[in-house]
Each structure stands twice: as C-alpha cells, then as structure tokens.
Amino acid sequence: MSRGPFLPYGRQWIDEADIAAVKQVLRGDWLTQGPNVGWFERAFAEKVGARHAVACTSATAALHVSMLALDLGPGDAVVVPSITFLATANAVRLAGAQVAFADVDPDTGLMRPQDAAGALDRARARGWRVRALAPVHLAGQTADMAGLSALATGEGLAIVEDAAHAVGTRLTGHDGRPVAVGACDRSDLACFSFHPVKTMATGEGGMVTTADDTLARRVRAAICHGMVREPSAFANPAAALAADGTPNPWYYEMPDLGLNYRMTDIQAALGLSQLGKLDAFMRARQTLVDAYDAALTPLAPVLRPAGRVAGVQAAWHLYAVLVDFAALGLDRAGFMGALRRDGIGSQVHYIPVHTQPYYRKLYGDLDLPGAAAWYARCLSLPLYPAMSMADHERVVTALFRIVRG
C-alpha cells in the first residue's frame, strides 16, 4: 500500500502565472499563428545564445524537420546512438535515410566519438553515404561534443543534437568558455523538447535552434507545409509581384514538401512563462540530485548513480541509477514493483532502439555491448522541481529497504 501521494519519475510544475498566461491567449484573438510564438522563439534564442530558434509541435517534429533541412534522401545515413527514444532514429527514416546505430558508454549511456566512428565504418561497409551525426544528450548530460565535432569535421558531416533532455544545460565551448546547449557552438542544429516531464513544459512542443541562416529558412518552411513568402525565393515572379514590383500580399510558393508542425500561441504563452522559471527549475533539480548522490553512496556498487561527464553543467532531466539486479537476486520488474508498492514511480531510459522489431527487420541483429550493458542496469528515479525533500527521503528509504533487505 502507498505510504503517501504517488511520486512519478517526472512531472511538470504549473503555477498561477502559467495559467494566467494561457488564459490571456484564450481571451485574445490569436490561438495560433499569432505573436506569442515569435516572442517565445526570440526569448528562447536569447536564453541559449542561438542565432535562430524555430518553435514546433514536438521534439520529434524538430528532429524530423532538421533532417529534412539537411536534404537527406535514399542512400544517405545518419549515425544515431541506440540509447535514445524512438524519435531520434525515426526522424531519419521519415526523411528517407538509413539509421547507422552506434554503441554508447555503458556508464553514461552517451555516444562517444569512438562509438560514432564504429557506426560510420559499418555504414560505409553497407554502401551508405553518411551525412550526419545525431548525438543524444541523455538525462541532462551532453555527449562529447568536442570529440564528435572533430570527427564530423574530418569526415565532412553535419551534426544534429538531440537535446530533448538538455534544456538549460551548459558545456565547455570551443573557446573554453561555458556555452548553452542550443547555441550550436559545435553543431548545425539542436532540437529540444517541452514535454511535461522535461525541464520546462508547453504541453507538447519542441524547438530547433541553429546558427545557419539557410538551415533556419528550410526548417521554418518545413514546419509550415513547405511554404515560402520571401520574394527572393519565388520561382514565378510574374505571379508573385504586383505591377509596382512589390509582393502580392496573398502570394506564397511551395518549392518543397512540408508539414503542419506549427506551435500554437497557447503553447507558446505557456512556454514563455515556463522559460522565466527555468533557472529556478534547474536549481531545484540540482538540489535533489546532490541529495540523491550523497544519500545513495552506501548502496554502491549494487546501486549507484550513472556516470558523470566532466565539464558539463547539467540541467538534470532524469536521475538515472545503475542497478546490479543479479547481485540483488531481484529482476528489474520486481524492483520497480517494490517501489510502486511504496507509491514510487520509476522508468527505463531506454530500450536500445536497434532491438526494436522494425529496425531488426531492416538491419538485422547488431552487437552493441555498451547499449546492452546500460539497458540491463539503468533505472530513472523520481526527479522534478515540485518534489520535496520529504519525497526524496521516501525514495531513499524505499531503496535502502529493497537493496539492504
């Protein structure tokens, strides 16, 4: 029986200011395609130091249009770590390219440069033309962007960061100073998520950032049916321009296919309000992470925090631990069940994507031992800003009871 309110592994924190921001939009004239989306994009770009930010319906949409912006097609491939959510790989396939799955560090779940290089070699052996790397920043920590950037530069590859877990994270930039994920200091595009369990929420929602003007234009067109309204992009000026040479106000063209991935003003208003609290959310998460780290030390090596990456100021999305279930004599389902009986939620991030039936059918069985080792041991514990220290103590007490017996 639960010993208190159920503690999920993650959840949003919505306050009266957020509700007021959404109400203001609902009482106004623009539910979508109004000013709030542009305001949110500019505020987010300023927050992360990006030249461009384009809001969209989800991180999945952000990844998809980023792959479209790179003009991927049949015969192309993108290197993707197997430890990620389905969306990272699926976005590559939706763009018509192949997924070259990479292994990961078994202690952090992150793709290393040597993992990406191995995937690159396997892809070329299949006759694929690798066009990009798609490193995934897991739980708030980042992949080795310096090493991956060096690999990409040497091989002539683009980099698309899956930063769904890393809103607010900072790392060492190319000049040695801290830079926010999303500034695209060592990448071409970065993709974010505002799902309710992430660092900030818009319900569903995502963002693409880039420092490249051309990529920004392609992304912006792709989220809105492929439409362009800039006169410089028109292929039919006779139809586009009035007699005085100015663009006809109703006119648009569609040079390429696109989708309807536009964020609504309702979501953007919530996003603007949440963005103002991002730093407070991060501090609350860091306090809980520090408390977990200290409290769980006696349970090592049977249960310990996932490995940490040097030089990263993580905005923690998840608190992941690695558990030696065999040493406990308890499988993961039993462990999660014991936590749930105490009213504590947990989750697994992630099932290696290369083992999914769709990808096994495409590529056969792959041997990625780091991904297998991470998956065998990983478990995400409750972590969210509204979580109290009493909630934290409940989790730690339950863990000690399960591990120590």
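Helices (DSSP runs of H or I, at least four residues) and strands (DSSP runs of E, at least two) are numbered from the N terminus.

**View 1. R218 sits in a helix of this predicted model.** Look for R218 in helix α7, which covers residues 213-222. R218 is partly exposed, because its relative accessible area is 42% (buried means under 20%, exposed over 50% and partly exposed in between, with a 1.4 Å probe and protein chains only). From R218 to L31 the distance is 25 Å, C-alpha to C-alpha, while 187 residues separate R218 and L31 in sequence.

**View 2. Helices and strands build the protein chain.** You can find 15 helices and 13 strands here. Of the 405 residues in the protein chain, 54% are buried. Contacts (heavy atoms within 4.5 Å) between residues at least 6 apart in sequence join residues at least 24 apart in 75% of cases.

**View 3. The C-alpha trace has its own dimensions along the principal axes.** The spans of the C-alpha trace are about 85 × 55 × 40 Å.

**Notes for all views.** Residues are numbered from 1 along each chain as its sequence is written, and side-chain values use heavy atoms, leaving out hydrogens and water. In this predicted model, local features need pLDDT of at least 70 and side-chain atom pairs count only at pLDDT 80 or more, whereas totals for chains, interfaces and linings use all residues.
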